[in-house]
Amino acid sequence: MALLNPPELRPSLIVLVVHHLSSRRGARDKAEHVLDCLAPVSLTVDGKHTLDVSRNLAAAVELGLLARDGDVLEASKDAVTASKSGTDALVALMRSRVLATELNTAPWGSQVGARDLTNSLAWLLSLPEGKAPYAMESGRVSVKTLQEVDFGPRQQASRDVGEGEDEASGWPISNDTRWGAFKRWACSLGFAWIDPLGRLMPDPTPAVRQALPQLWRGRSELRADEFFRDLAEILPVVDGGEYRQHVETHMQRSVEGSSGISHSSSLAIGRLEREGHIILDTRADSDRVALVDRRTTISHVRSSVGRS
């Protein structure tokens, strides 16, 4: 299963499913009981909601949030712990599973695991604010036009395409159905938001904010290059991350000619500084990292925890 297809997949519904199962005795229940509770037959005339829930159950299993043994579903220990802490913690866990290495080993063009979603996230976060897309094939800035520039014309797959390959390979987001699914995932996982004009704005601020405790690991200060290097290990779709590099190797748009940290990452740390989560320093005797094409440079990033 890919995470951008089938279109019924919704992060919010996966969270609901995991919350529900985590609340059951032993964090386990029969799949049919879960469906009866979350998708009762009387809910809709056509019964489509049952398929919605069952497919999101399957996605939760693929992500490792649930395990299935025959007709019994069981929430993982991590999922139960996160569920008790609240939705934010469960979203953070879901994001870590989407970014997990074992779900991102498939080659370019594949829809196996989470590769279709992480390719799309890495591509979106490489875009400047002025290229935030409105729609798949219409509007002032379209996903289709942007991907044609970055990856060339959409290529139809050959007859011998393997299982899990996209029918229109060569683009991270190949059609309007996947674009709709991607918008839900990108916003839910904290990598984007939709502005009043309908643009999908690349902005990983929520994801970076939640990554800060893991990033510091008892440290109170990092050189700027260390900060972004370690952040890329936690969120490999941002600058320098493994999945970002995977996408960049297939891009026709030059990324080597760009100077400094991308707009989306620069935006995130600027917002986190204004929120009081971090402190940005520029020291004369230290190497610096450029933000947004060298308009600003920083040498160190400090934690604001414990500071008044």
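Predicted model: local features only at pLDDT ≥ 70, side-chain atom pairs only at ≥ 80, totals over all residues.
The protein chain has an average pLDDT of 89, and 91% of the residues reach a score of at least 70. Over residues 157–168, in contrast, the pLDDT falls below 50. In the model this stretch still has 23 contacts beyond near neighbours in sequence.

Strand β3 (residues 72–75) pairs with strand β1 (residues 28–30) through 3 bridges, and the two run antiparallel. Within this pairing, D29 stands opposite L73 of β3. Strand β2 (residues 66–69) is also joined to β3, here by 4 bridges, and the direction is again antiparallel. Two of the residue pairs can be named: A67 has E74 in β3 as its bridge partner, and D69 has V72 in β3. The strands β2 and β3 form a hairpin with 2 residues between them. In the turn of this hairpin, G70 has a positive phi of about 65 degrees. In general, the side chains of a regular strand alternate between the two faces of the sheet.

Two further features concern the backbone. Most residues other than glycine have a negative phi, and most peptide bonds are trans. A27 has a positive phi of about 55 degrees although it is not a glycine. This residue is placed in the loop between α1 and β1. The peptide bond from N5 to P6 is cis, with omega near 15 degrees. P6 belongs to the segment before α1 (11–22).

A search of the whole structure for aromatic pairs finds 4. One of them is formed by W108 and F151, with 5.6 Å from centre to centre. The planes of these two rings are 35 degrees apart, and the pair is classed as tilted. W108 lies in the loop between α5 and α6 (115–125), while F151 lies in helix α7 (residues 143–151), so the pair ties together parts that are 43 residues apart in sequence.

Empty space in a model can be located by rolling a probe the size of a water molecule over the atoms. The second largest pocket has a volume of about 300 Å³. It is lined by 17 residues, of which A92, R95, S96, Q214 and I234 are the closest to its centre. Four helices each supply at least two residues of this lining: α5 (87–98), α9 (205–216), α10 (224–234) and α11 (242–248). The largest share, 5 residues, comes from α5. Sorted by class, the lining of the second largest pocket consists of 10 nonpolar, 4 polar and 3 charged residues.

Notes. Residues numbered from 1 in each chain as written. Heavy atoms only, no water. 1 Å grid on protein atoms, 1.4 Å probe; cavity = no way out; pocket = protein on both sides within 12 Å on 5 of 7 lines; lining within 4 Å. Points joined across faces, edges and corners; volume = space filled by probe spheres on them. Nonpolar A, V, L, I, M, F, W, Y, C, P; charged D, E, K, R; others polar. Pairing = 2+ DSSP bridges. pLDDT = per-residue confidence, 0-100. Contact = heavy atoms within 4.5 Å. Phe/Tyr/Trp six-rings, centres within 6.5 Å; stacked < 30°, edge-to-face > 60°.
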